[in-house]
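I opened the model to look up a sheet, the nonpolar cores and a domain boundary. My notes follow in that order.

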Amino acid sequence: MYTSPNRLPAPAGRLVDHENTINFSFEGTQYTGLAGDTIASALAANDVWLLSRSFKYHRPRGVLSMAGLEANTLVQVDNEPNVAADRRKVTQGLQVSGQNCIGSLANDQAEKISLVNRFLPVGFYYKAFFQPKGAWQNIWEPIIRKFAGLGQVHPDTPHGYYDKQYLFSEITVVGGGPAGMSAALAAADAGAEVLLIEQETVIGGSLNYGRFDTEGTLAHTLHDELVTAVTDHSNIEVMTDSVCNGYFADNWLPVIRGHRMYKLRTKELILAPGKMEQPAIFRNNDLPGVLLGTAAQRLIRLYGVRPGKQAVVLTAGDDGYATALELLENGVNVTAVADLRQSFDATPLYKKVLACGISIHKACTVYEALPDKHTRGIRAAALRQLAGIGQCGNEAWRYDCDLLCVSVGFMPSYQLALHAGGKLKHDEAVSGFSITGLPACIHLAGAVNGKNELGSVIESGRQAGQAASRKLGLAVPGAAASRPLNPISYSSINHPWPIFPHPRGKEFVDLDEDLQYLDIIHACRDGYDELELVKRYSTVGMGPSQGRHSALATARVVAEETQRTMSEVGVTTARPPLHAENLAVIAGRSFEPERLTAMHHRHLEAGAHMVTAGQWWRPAYYGEPQHADRWILKENLAVRNNVGMIDVSTLGGLEVRGPDAAEFLNRMYTFSYSRQKTGTLRYLLMTNPAGRIIDDGVACRLDDEHFYITATTGGVETVYRTMLWWNAQWRLDVDVTNVTSAYAGISLAGPKSRAVLQQLCTSTDLAPASFPYLSVRTAQVAGIPARLLRVGFVGELGYEIHAPSLQGEALWDALLKAGREFGMQPVGIEAQRLLRLEKGHLIVGQDTDAMTTPHEARMTWAVAERKPFFVGGRSLQAARRYPSNRKLVGFSVEPEQDEVPGESNLILDGDSIAGHITSVGYSPTLNKIIGMGYARADTEPGMLIQIKLKSGCRQSVQVVEMPFYDPQNKRQEM
Amino acid sequence: MRSPHYRTLISAGARFESCMNASCVMDYGNGKNQEAAQAMQLGLADLTPLPRTGFKGPEMVQWAGSAGLKIGQHNNRAYLQEDGLLVARLSDSEILVLNGLGSRLDQCARLEEKHKHSRPAGCYTVPRSSASAWLMLTGQYSTDALAKLCGMDLRVKNFSGGAIAQTSVARTNCIVIRNNMGEIPAFHLLFDCSSTEYMWSCLVDAGMEFKGAPVGYASLLDLHY
C-alpha cells in the first residue's frame with residue numbers, strides 16, 4: 001500500500017493517479033510518487049522540500065511557484081541539466097540530483113560563501129576583476145569558470161531526435177485558463193478554426209487549482225462546464241503541454257512541445273496567459289517552505305500534496321484568505337494570517353477565516369522567516385505591526401510554522417504581448433498594469449487585459465474571441481447574458497509596497513541571482529538609476545526566471561530610491577524566448593540541402609575523396625586523402641600525356657532562346673555575340689553594373705535564335721536571376737531557362753580524347769577540320785543525345801559532353817569503357833584546378849574578388865568596347881580614367897624550398913600590401929611551383945615581387961608571362 | 001533510363017519494371033493489398049522515370065490551346081485533361097505537363113513532337129524529364145508529413161485539389177501539386193533532380209512518425225482507378 005507523509009486522498013490531486021505509483025531517486029535516495037506527479041510534487045509528498053542551491057550564495061531553495069517560473073526548482077535529470085522539477089513529470093526509474101553544490105545538496109560546502117557576502121556587493125565583478133593587469137586571465141577567470149553554471153553537461157549524452165513542424169490556424173489562443181477557454185469558444189462558435197495552446201498538461205488554468213469562493217466549489221463547476229465545451233467543440237484544437245515561447249513578426253509563434261518546435265502562423269492571436277503571483281520581500285523570503293499562495297493551492301488540488309503541517313499566511317487581499325481556507329480544509333494548521341492592509345471590507349472569505357478561529361493581524365507583515373537548520377526550511381515566522389509604508393513597528397508576534405504562504409499581488413503575464421510591441425503601463429491608483437500599443441491582430445483576454453474578477457475574466461475572453469472572429473469577417477452572435485458569479489473581488493490586484501528591509505539583510509529581490517534589497521539600492525547609488533542600467537549592473541532579472549518574480553519589486557525599489565513613480569521607471573524589456581528552451585529544440589532536424597551529380601556514386605565506387613562546392617558534392621581526387629598530392633599529380637599527368645575525364649555536371653547551364661537572344665547576350669556579357677556563327681562557341685565574361693567580374697562561361701550558338709550558355713557552379717543562380725531582372729526592364733523577345741540539372745556534363749581532356757570519343761560517336765566527324773576548337777555539335781554518344789563542346793579549359797585537346805542527366809551515369813560508364821584501352825582515368829577538381837592554372841585560366845571567385853575589373857584580371861581581350869551597351873560597360877569606361885593600382889600576374893618558384901608560397905599569402909609593395917596570391921600549386925609538367933596573384937599594376941614579367949609567407953618570412957619570386965603552359969595554344973587546338 | 005537514386009530504391013526492396021523506355025518501381029514486394037494500404041496511410045512513390053515535360057514563353061497559352069490542351073485562366077492550378085494528362089499552369093507563360101498515371105503512352109513525347117513540328121514562335125520546351133525529379137506523397141498523413149518540411153499551409157481547406165504551390169520543401173525549390181486520388185490525399189512533388197537523394201531522405205524521415213514507407217507505381221494505379 002502506497003503511503004507518503006504529505007499525500008492527500010482524492011479528490012485532491014486532479015493530475016495524479018492515486019492507484020499508479022512511480023519509483024524514482026533523488027540525490028541517491030529512492031522515493032515513490034504517483035503517475036502525474038512532477039518531480040517537485042512527488043518529493044513534496046515525501047516531505048522533501050530542498051531542491052537546489054542558489055547560484056551565488058548556495059542558499060537552500062525549494063518550490064516557490066510550482067509553475068516552473070524560477071531557478072529554485074532546477075535539477076539535474078540523468079544527463080539533462082537545469083530541468084524544472086515543478087514541471088517535469090516523474091517517470092519510472094528517473095534519476096534526479098541537485099545542482100550547483102559541493103558535496104551533497106543537504107550539506108553544500110560552498111554554502112560558506114554566504115559568510116563573506118558583504119565582500120561581494122553588487123557590481124563587484126566590475127570593481128574587482130579588472131586589476132591588477134593579467135589577473136583576470138590568470139586568477140579570476142579560472143575561479144569564476146569553476147563556479148559558473150548550474151547543472152552539468154555530459155559530452156557523452158546520447159543524441160535525441162528533435163524536429164520542427166509548421167502549423168497554421170485562423171485564431172490562436174495562448175492560455176487555456178478561463179479567459180482562454182472563453183475566447184476559444186466564442187471564436188469557434190463564430191465559425192473560426194481555433195488552436196488553443198496550454199503549457200500545462202490539461203486545460204483549465206486557475207480553475208484547476210484556484211479557490212474563488214468560500215465553499216470552494218465555483219472553480220470546479222466552471223471548470224467542468226468550460227472544459228467540456230472546449231473539448232467537445234469541433235472547431236477547437238487543443239495543444240496541451242505546449243509552450244508558446246515568443247512572438248515574432250507576422251504572427252509567427254514558436255510553440256514547443258516535447259522534442260518538437262512548431263512554427264505556427266496564425267491570422268489572429270488572442271493572448272490569455274494569465275498572471276504571475278509575486279513574492280513579498282522580507283528576510284529569508286527565499287527559504288524552502290516559503291511558498292506563493294497559488295503554489296500551495298497547486299500542490300493540493302493538482303497533485304494531492306499537503307504543502308506543510310503548520311502555516312502562516314501573508315496576504316494583501318482575498319487571495320490569502322482563500323489560501324488559508326484551502327490549507328485548513330486539507331489538514332494544515334493555519335495559525336495566523338498577516339494582512340498588509342490597515343482596513344478593508346469584511347468579505348465572505350475573510351469572515352469565514354475569522355470564523356475558523358485563525359488569528360488575523362491587520363496592518364501586519366512577516367518581518368522574517370526563521371530558518372530551520374535541520375530541515376533547511378523554516379521553523380517560524382516573525383510578524384511585525386506596520387508603522388508605515390515598508391516600515392515595521394515594534395509590536396511583534398512569532399508563530400511556529402513550516403509553511404509560509406505569500407499572497408500579496410500579481411503581475412500580468414505580459415511577456416508575449418511585449419514581444420509583439422506592446423507597452424506595459426502602470427496604474428498608480430490600483431498598483432496594477434495595463435498593456436497598450438499592440439498590433440490590431442492581437443487581442444488580450446483575462447488577467448493580461450487587466451481583468452481579475454472571475455466573471456470579468458470570462459467575459460473578457462468572450463469579447464476577445466468575438467473581436468478576433470470579426471477581424472476574419474465572421475458573423476458574431478449577439479452578446480449572451482453573463483451569469484452572475486460571486487467570486488473573489490479585487491479592489492486592487494497588488495499591494496503597493498510588500499517590501500520590508502531587514503537590518504541583517506537576506507531579503508531577496510531576485511532569487512535567481514541572489515540579489516538583496518540593498519543590492520538594488522547600491523546599484524542606484526552607484527549611478528545606475530535607469531532600470532535597464534540597474535539590470536545590467538546588478539544582473540537582476542537576468543537569471544532563468546527572467547524577472548518574472550523580480551521585475552516588479554526592482555522597479556518599485558528603483559522608483560523609491562530615485563524618487564520617481566513606477567510609470568516613470570517602467571519595466572525592463574521582455575524578449576523571446578519566454579521560457580528557457582532546450583538548445584536541441586533549435587538545433588534539431590534542420591535541413592542542409594545536398595546536390596549530387598548523376599555520376600556521384602560512380603565517383604564513390606572509384607574511391608573519390610568528395611568535397612562540397614556550395615550544395616554540390618564533387619570529387620576532389622580519386623584516392624585516399626593521406627596521399628592526395630600523389631593522386632592529383634597522377635591525374636594531372638594523365639590529362640597532359642593521355643586522357644582523363646572530369647565530371648563537370650555542376651557547371652551552370654542556361655537556354656537563351658528567341659529572336660533577341662544574341663542581343664540579350666550582347667547586353668548581359670562583355671563580349672560580342674551578334675555575329676557569332678551557329679555551331680561555334682565564344683567566351684562569356686559577365687560584369688555587374690559597377691564593372692566588376694561576377695561570372696564567366698561559354699556561349700554555344702545552336703541556331704540563330706538559340707544559345708546554350710554555361711555559367712560557374714556557384715554563380716549560375718545569380719546569373720539566371722540577374723538575367724530575368726534585366727530583361728524585365730529591357731523586354732527583349734527572349735526566354736531564359738535554367739537547365740543546370742537537366743544536363744550531366746563530362747569533360748574529356750587530353751591528347752587521346754578524340755580517339756576515345758570517336759569510338760562512341762560514330763555518326764559525327766570529330767576531325768579538327770570538321771569539328772574545330774571552339775565549336776559545338778549535337779550528336780549521339782553511345783546512343784545518348786548530347787551536345788559536344790570543344791573547349792580548352794585545361795589546355796589540352798578536349799570535349800565537354802552535355803547529356804540528359806538521367807542518362808549521365810550511363811554516359812560515364814560508356815566513356816570509361818571506351819577509354820580503358822587508352823589508359824583513361826577519372827580526374828578530380830584539384831587536378832583540374834592545377835591544369836587550368838598551368839594554362840593561366842582564372843576561376844571567377846578564386847582569382848577574382850568583388851572588386852576585380854576585367855582590366856585588373858587581364859581580361860580586356862574579352863571586352864568589346866565598341867558595343868553600344870553592356871551591363872558594367874559604363875563603369876568600365878569611367879574606370880579607365882582612374883587606372884587600377886593592381887593587376888593579376890603569374891609567378892614561378894623553384895620547388896626545392898623550405899617554405900613555399902600558399903594561397904592568400906600577401907604580395908607586398910615595400911611595407912604596403914599590393915595584393916595576395918589567388919592560386920598556387922606545384923606543376924609536374926613544368927617542375928615548378930606556379931601561381932597567380934595581384935601585384936602592383938606596373939609589374940612586368942622578369943621583375944621580382946615580395947611574398948609574405950605563412951611563417952612571416954618574406955620571399956622574392958619572379959614574375960613570369962602567362963600562360964605557363966603551351967603559350968601558342970597548339971595542344972588545345974590540335 | 002532510371003531514377004538518380006535507384007540504389008536507395010533497390011535497398012528498400014524495389015522491384016523494377018520497364019515502363020515507357022524507363023525502369024520504374026512497380027512495388028516493394030509487400031503484396032498488393034499491403035502496399036495499397038500503405039499508400040492510403042502514407043506512401044512515397046518515385047515517378048521520376050515517367051514522362052513529363054514543360055513549355056514556356058509568351059505564346060505558350062496560345063500554342064497549348066492549339067495543341068489541344070485545356071488550361072484554365074488561373075495560375076498555380078493544375079488542369080486534368082480527358083486523356084489523363086495533368087497540366088500544371090505555373091504562370092502566364094509556363095506550364096508543366098505530367099503524363100497521366102496509368103497511361104501506357106508517352107503523352108508528353110507526343111506533345112513535344114507536336115511542338116517540334118509546329119515550331120511556334122514565343123513558346124519553348126522545358127526539359128522537365130531530365131531536370132526535375134518527380135515524387136508522389138500519398139495517404140491520410142501526407143499533409144502532416146509535408147508540414148514538417150514546408151512552410152505553406154497545404155491542408156485541404158486552404159490547398160484543395162489541383163492547387164499548386166511553388167515553394168520550398170526542406171529548403172529546396174519544389175513544385176507541390178495536390179492531386180488527390182479520390183478521397184485519398186496525394187501530392188506531386190517536382191524539384192531539381194540533383195536533390196533527389198536528399199529530398200527522398202527528408203520525406204522518409206518526415207514520414208517515420210506516421211509509419212510512412214515507399215510504395216510502388218502499381219499501388220498508385222490500384223488506388224487511382
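I count two strands as paired if DSSP finds at least two bridges between them. Strands (E, at least two residues) and helices (H or I, at least four) are DSSP runs, numbered from the N terminus. The model is predicted: local features need pLDDT of at least 70, side-chain atom pairs pLDDT 80 or more, while totals for chains, interfaces and linings use all residues. Residues are numbered from 1 along each chain as written, with chains lettered from A and ligands numbered from 1 in written order.

**Sheet.** I looked up the strand order in chain A and found β2-β1-β7-β5-β6, an open sheet of 5 strands with mixed pairing. Its edge strands are β2 (29-35) and β6 (80-84) of chain A. I then checked β1 (residues 17-26) of chain A: 7 bridges join it to β2(A), antiparallel. A:F24 stands opposite A:Y31 in β2(A).

**Cores.** I define a core as buried Ala, Val, Leu, Ile, Met, Phe, Trp, Tyr and Cys residues joined through C-beta atoms within 7 Å. Buried means 20 or more other C-beta atoms within 10 Å of the residue's own, with C-beta atoms placed from the backbone. The largest nonpolar core has 182 residues; A:A184, A:L196, A:L271 and A:L404 have the most contacts inside it. Helix α4 (residues 178-189) of chain A gives the most to this core, 8 residues. Apart from it lies another core of 169 residues, including A:Y673 and B:L220.

**Domains.** I used an automatic or database assignment for the bounds. Chain B splits into domain 1 (6-16 + 35-50 + 131-215) and domain 2 (52-128). Their C-alpha centres lie 23 Å apart.

How values were computed
A residue is buried if 20 or more other C-beta atoms lie within 10 Å of its own, exposed if 12 or fewer, and partly exposed in between; C-beta atoms are placed from the backbone.
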